[in-house]
Amino acid sequence: MDLVTKKKTGENLVPEKGSLQGLKGRFTFLTSKQTIEVDFLDLKAMIHKCGHDRSPDVLKMDIERWEFDVFEKLIEDGDVLKSTSQLLVEWHHRFFEEGVGRTLKLLKKLDDEFGFKVIAHTRDYQETTLLRVDK
């Protein structure tokens with residue numbers, strides 16, 4: 001069974017919604033057309049696998065369109081975000097029809113549910129820095 005679906009935005013393959021833990025997928029590089037198989041591992045599992053006993057203080061994310069699915073899962077779960085102080089994110093909203101609106105909705109959720117305030121951003125919000133302010 002193919003665990004990923006092709007999107008209209010090129011040769012990259014993006015996983016279907018749902019848990020990625022324990023799944024495998026293929027990723028095709030746009031420049032070389034080389035395809036590799038990758039294991040999906042959620043952030044919480046990766047923290048545990050690396051032997052850490054808590055979430056990172058600063059989380060920097062540039063994961064080529066996967067940030068939306070990852071942040072939706074992080075928001076749903078809550079544990080990692082509750083103990084992280086700062087987020088540095090490159091949003092790849094230019095690849096989606098919803099565009100920057102999708103990013104702005106997630107930024108609002110991060111503020112409303114976890115107190116993350118945008119303290120710096122590029123004009124189009126492609127790169128943002130957020131700081132958690134305890135309520």
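In this predicted model, L81 is in contact (heavy atoms within 4.5 Å) with F71, L74, I75, L87, L110, F114, F116 and R132, once its neighbours within four places in sequence are left aside. The model is predicted, so local features need pLDDT of at least 70 and side-chain atom pairs count only at pLDDT 80 or more, whereas totals for chains, interfaces and linings use all residues. Residues are numbered from 1 along each chain as its sequence is written, and side-chain values use heavy atoms, with hydrogens and water left out.

**Overall architecture**

- The chain holds four helices and eight strands, where helices (H or I, at least four residues) and strands (E, at least two) are DSSP runs numbered from the N terminus.
- Along the sequence these elements follow the pattern β-β-β-β-α-β-α-α-β-α-β-β.
- Of the 135 residues of the chain, 34% count as buried, a term that means under 20% relative accessible area, with exposed being over 50% and partly exposed in between (1.4 Å probe, protein chains only).
- The chain exposes about 8,600 Å², of which carbon and sulfur atoms supply 53%; such areas come from the Shrake-Rupley method with a 1.4 Å probe, and for residues only the protein chains shown count as cover.
- Among contacts between residues at least 6 apart in sequence, 50% join residues at least 24 apart.

**The largest nonpolar core**

- The largest nonpolar core has 20 residues, and those with the most contacts inside it are F71, L74, L81, L87 and L110; a core of this kind is a set of buried Ala, Val, Leu, Ile, Met, Phe, Trp, Tyr and Cys residues joined through side-chain atoms within 4.5 Å.
- At least two residues of this core are supplied by each of α1 (43-49), β5 (58-61), α2 (67-77), α3 (79-82), β6 (86-90) and α4 (100-114).
- L81 lies in helix α3 and counts as buried because its relative accessibility is 0%.
- L81 and L110 are 29 residues apart in sequence, while their C-alpha atoms are 8.7 Å apart in space.
- Leaving aside its neighbours within four places in sequence, L110 is in contact with F71, I75, L81, L87, G115, F116 and L130.

**Aromatic pairs**

- A search of the whole structure finds three aromatic pairs, in which rings of Phe, Tyr and Trp (its six-membered ring) have centres within 6.5 Å, and planes under 30 degrees apart count as stacked, over 60 as edge-to-face and the rest as tilted.
- One of them is the tilted pair of F68 and W91, with 5.4 Å centre to centre and 45° between the planes.
- This pair links distant parts of the chain, since F68 is in helix α2 and W91 is in the loop between β6 and α4, 23 residues apart.
- F68 counts as buried at 1% relative accessibility, and W91 is likewise buried, with a relative accessible area of 0%.
- F68 also pairs with F96 in an edge-to-face arrangement, with 5.2 Å centre to centre and 80° between the planes.
- The partners F68, in helix α2, and F96, in the loop between β6 and α4, are 28 residues apart, and F96 is buried with a relative accessible area of 18%.
- Ring pairs link F68, F71, W91 and F96 into a cluster.

- E90 lies in strand β6 and is buried yet has no salt bridge, the nearest side chain of opposite charge being R94, 4.6 Å away.
- A salt bridge is a side-chain nitrogen of Lys or Arg within 4 Å of a carboxyl oxygen of Asp or Glu; for charge, Lys and Arg count as positive and Asp and Glu as negative, while His and the chain ends are not counted.
- Leaving aside its neighbours within four places in sequence, E90 is in contact with M61, D62, E67, Q126 and E127.
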